[in-house]
Amino acid sequence: MAGTWAGLSELAGAAATAPDAGTARGLVARAARNGELTALRQRVSRLSPRNADAASLRVAVIAAACGWSALDPVAPASPRTADAAFLDLWAAVAHRIDHQQFVALPTLALQNWAPERKPRRHLPIDQLARTEALVPVVRWSPQGQPLGRLDLLMLATTRLEAHGIWLLRLAGTLAGRAPGDASTGTALRRLIRIQHALRAQLRSEAAALRAAPACARQSAVLGALAEQGALEPPVFLAADAVLGTGGRRSGEGGRHQSRRHLPIGQRAWLTALDRHCAPVRTLAHRGGPDAAVYREAQESLIALRRTYAGLVHCAAHPGGSAAADRVDAVA
């Protein structure tokens with residue numbers, strides 16, 4: 001980000017690498033006293049959609065680094081807990097992107113990686129992650145030091161989403177299919193293959209994650225995100241809408257909770273997918289070859305989720321043998 005907004009990038013980087021939440025809050029308080037946050041708040045409405053997303057990443061990093069990720073910036077009690085000027089900026093950015101709960105892993109991961117070499121034309125992150133080496137926009141590890149476990153978990157999540165684009169396309173293909181449709185079983189078999197490939201990809205990420213420097217500070221940030229259920233990659237939510245596992249057990253409220261950190265367009269797409277894939281989910285109560293394939297697809301999604309949970313556990317519990325054992329077990 002350029003101009004006045006470059007200061008927000010610097011603040012985000014400093015907050016992310018601060019030794020503790022108190023130091024990060026002190027940096028925010030100083031920026032507020034200097035009028036920097038108020039100046040940015042007055043310019044939010046002028047941001048282009050792309051720059052508004054970039055600003056939301058910086059705000060999300062600062063909120064998470066300061067331990068404010070569970071706060072609602074417009075709640076009356078929030079100013080007693082967090083810096084008021086920062087809360088005003090947070091609320092303005094949320095209004096600009098029409099996304100109230102963006103302080104979560106989907107924002108912190110999927111918007112935080114850019115190609116190491118600038119491509120000749122703008123490409124979506126799923127293409128870039130499959131073809132280019134990526135570097136973090138905001139590092140949680142100090143410059144000059146190797147990336148820590150939180151950085152690498154977010155990179156693994158970004159790569160998961162990039163390669164999971166085929167799963168998203170298959171989910172759209174299955175929408176509206178009848179259980180007896182001849183192509184339903186074929187699409188479900190392809191879904192299984194993709195989920196197996198994604199699980200193998202996550203296994204390959206586990207060794208790098210275990211070898212990365214452990215940092216209690218990064219672990220605390222990840223733990224705070226986990227407490228509010230802000231760790232579900234969107235690709236899992238799409239597969240769940242087709243197959244009816246995981247968060248669906250909690251009913252409509254559970255689905256809403258697991259999706260609340262996604263942009264409004266993605267939430268609307270998942271809601272439509274829920275509706276249009278309802279006929280496919282009736283295979284859970286049927287017999288025959290397609291029903292068997294459907295249940296295998298459910299099992300492969302559960303295994304994929306467990307492997308990802310192992311990566312999260314490893315990143316959240318630095319240096320613990322239990323973390324390594326759990327990753328080994330799910331891999």
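Reader: Is the crossing of α8 and α16 left-handed or right-handed?

Author: A crossing is left-handed if the near helix is turned anticlockwise from the far one by less than a right angle, and right-handed if clockwise. The crossing of α8 and α16 is left-handed. Please note that this is a predicted model, in which local features need pLDDT of at least 70 and side-chain atom pairs count only at pLDDT 80 or more, while totals for chains, interfaces and linings use all residues. Residues are numbered from 1 along each chain as its sequence is written, and side-chain values use heavy atoms, with hydrogens and water left out.

Reader: At what angle do the axes of α8 and α16 cross?

Author: Two packed helices are described by the angle between their axes and the distance between the axes. Axes are lines fitted to C-alpha atoms, for helices over the stretch in contact, and angles run from 0 to 180 degrees between N-to-C directions. Helices (H or I, at least four residues) and strands (E, at least two) are DSSP runs, numbered from the N terminus. Helix α8 (residues 149-163) and helix α16 (residues 289-316) cross at roughly 160°, and their axes come within 9 Å. Angles under 35 degrees count as roughly parallel, over 145 as roughly antiparallel, 65 to 115 as roughly perpendicular and the rest as oblique. The helices α8 and α16 are therefore roughly antiparallel to each other.

Reader: Which residues of α8 and α16 meet?

Author: Contact means heavy atoms within 4.5 Å. From α8, R149, L153, A156, T157 and L160 meet Y308, L311, V312, C314 and A315 of α16. By class, this contact of α8 with α16 has 8 nonpolar, 1 polar and 1 charged residues; Ala, Val, Leu, Ile, Met, Phe, Trp, Tyr, Cys and Pro count as nonpolar, Asp, Glu, Lys and Arg as charged, and the others, Gly among them, as polar.

Reader: Is L311 buried or exposed?

Author: Buried means under 20% relative accessible area, exposed over 50%, and partly exposed in between (1.4 Å probe, protein chains only). L311, in helix α16, is buried, with a relative accessible area of 2%. From C-alpha to C-alpha, L311 and L209 are 7.6 Å apart in space, and they are 102 residues apart in sequence.

Reader: Which backbone nitrogen does the side chain of Q218 reach?

Author: A polar contact is a pair of N or O atoms within 3.5 Å; within protein, one must be able to donate a hydrogen and the other to accept it, and residues adjacent in sequence count only if both atoms are side-chain atoms. The side chain of Q218 reaches the backbone nitrogen of L150 at 3.1 Å. Q218 is found in helix α11 (residues 216-227) and counts as buried at 5% relative accessibility.

Reader: How do α12 and α14 cross?

Author: The axes of helix α12 (residues 234-243) and helix α14 (residues 264-276) come within 8 Å and cross at roughly 20°. That makes α12 roughly parallel to α14. The crossing of α12 and α14 is right-handed.

Reader: Where does D98 lie?

Author: D98 lies in the loop between α5 (84-97) and α6 (105-110). Although D98 is not a glycine, it has a positive phi of about 55°. At 46% relative accessibility, D98 counts as partly exposed.
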